[in-house]
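Hi,

Here is the structure I promised to pass on. Have a look at it first, and my notes on the chain contacts follow below.

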Amino acid sequence: MYELLIGLRADPLATPFQFVYLAAFISLPLHGSPAVSLQSLLFAVFAIGAIASAIATITRKNPVASAMTLVAHFFMLTGLYLTLDAQFVAAVQVLVYAGAIMVLVVFVIMLLNVGRESQATGGRPIRTTLGTLLAVLLVGMISVTLAARPTGLNQLAANATTIGTTEAIGQSLFTTYLFPFEAVSLLLLAALIGAVILAKRHVQEG
Amino acid sequence: MLPTSIPLDYYLILSALLFVTGVIGVVTRRNAIVIFMSLELMLNAVNLSLVAFSSFLGDTAGQMFVFFIMAVAAAEAAVGLAIVLSLFRNKQTVYVDEVNIMKW
């Protein structure tokens, strides 16, 4: 326990997640085993949370429940990004996905007054079965490939903490990636105009 | 038990699982808004593997891609939900199996 607390203080991620870590430590039967690092424990917590909330998102019949579990999923991914030392992406994930995009989705659900579905899936059952089988095949293929040829990368790069900062992201955004940045701003403008035209009540003919 | 540091493969398998969850959502659900949310799940799964590669290889490129994917996802959200809105206005439904005018 003492070594764990020392490790906790040495780890830069420790401060925001101290309570999660301690709660997980108490709930897991770790006694007698070597100290589990903060990164791996947080990975386990957030990975299980991410998978559980993703499954909840696609199985709930009430779309508002789907939206709320999707917000939880985005927060779990934020945690995973923090275990990867990608602070800027983690912040943008909360701002853009859990904030802006989900507000839009919930707004449309409320506007259209979509209620609970009597049946979640529709169409021919063969399509559902086939699609699910293909999806499972995909994850099987990736797992088999990774098992046969592991990437061999077992820990984060030495400069991982410096490349994820706002400073480093901003540096390359306004130098190397300046043209894509301008292009994406144009795309957002086009999408904005397109959305307004599509959602307009009366589109004049001719 | 868990290893002391998580290898890249774990993140990639997690990302594959989340992507497949999204695929199953798109294939099986009939509510257009839920299909839309499943698309977001797939985009986020790809983002996770990009960030994982970026951090494990020590290269900013992966995180830049995630930044641009988020911008495209925001544009897609705006246009996609506007389409759902005008679909509802014309057909009074958001269920994709009831929209079959272009079905052969």
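For what follows, a polar contact is a pair of N or O atoms within 3.5 Å, where within protein one must be able to donate a hydrogen and the other to accept it. Keep in mind that this is a predicted model. By that rule, 12 residue pairs are in polar contact across the interface of chain B and chain A, counting pairs with both residues at pLDDT 80 or more.

As for the extent, 75 residues of chain B contact 90 residues of chain A. About 7100 Å² is buried between the two chains, and carbon and sulfur atoms give 75% of that. B:Arg29, B:Met37 and B:Met70 lose the most area in chain B, together 9% of what that side buries.

One helix pair to look at: α4 of chain A (residues 63-83) packs on α2 of chain B (residues 32-57) at an angle of about 5 degrees, with the axes 11 Å apart. Angles under 35 degrees count as roughly parallel, so α4(A) and α2(B) are roughly parallel to each other. Among the residues that meet there are A:Leu70, A:Phe74 and A:Leu77 from α4(A), and B:Met37, B:Leu41 and B:Leu48 from α2(B). The residues of this contact divide into 12 nonpolar, 4 polar and 1 charged.

Cheers

Notes. Residues are numbered from 1 along each chain as its sequence is written. Chains are lettered from A and ligands numbered from 1 in the order in which they are written. This is a predicted model: local features need pLDDT of at least 70, side-chain atom pairs count only at pLDDT 80 or more; totals for chains, interfaces and linings use all residues. Side-chain values use heavy atoms; hydrogens and water are left out. Axes are lines fitted to C-alpha atoms, for helices over the stretch in contact, and angles run from 0 to 180 degrees between N-to-C directions. Helices (H or I, at least four residues) and strands (E, at least two) are DSSP runs, numbered from the N terminus. Angles under 35 degrees count as roughly parallel, over 145 as roughly antiparallel, 65 to 115 as roughly perpendicular and the rest as oblique. Contact means heavy atoms within 4.5 Å. Ala, Val, Leu, Ile, Met, Phe, Trp, Tyr, Cys and Pro count as nonpolar, Asp, Glu, Lys and Arg as charged, and the others, Gly among them, as polar. Buried area is the accessible area (1.4 Å probe) that two parts lose on being put together, summed over both. A polar contact is a pair of N or O atoms within 3.5 Å; within protein, one must be able to donate a hydrogen and the other to accept it, and residues adjacent in sequence count only if both atoms are side-chain atoms.
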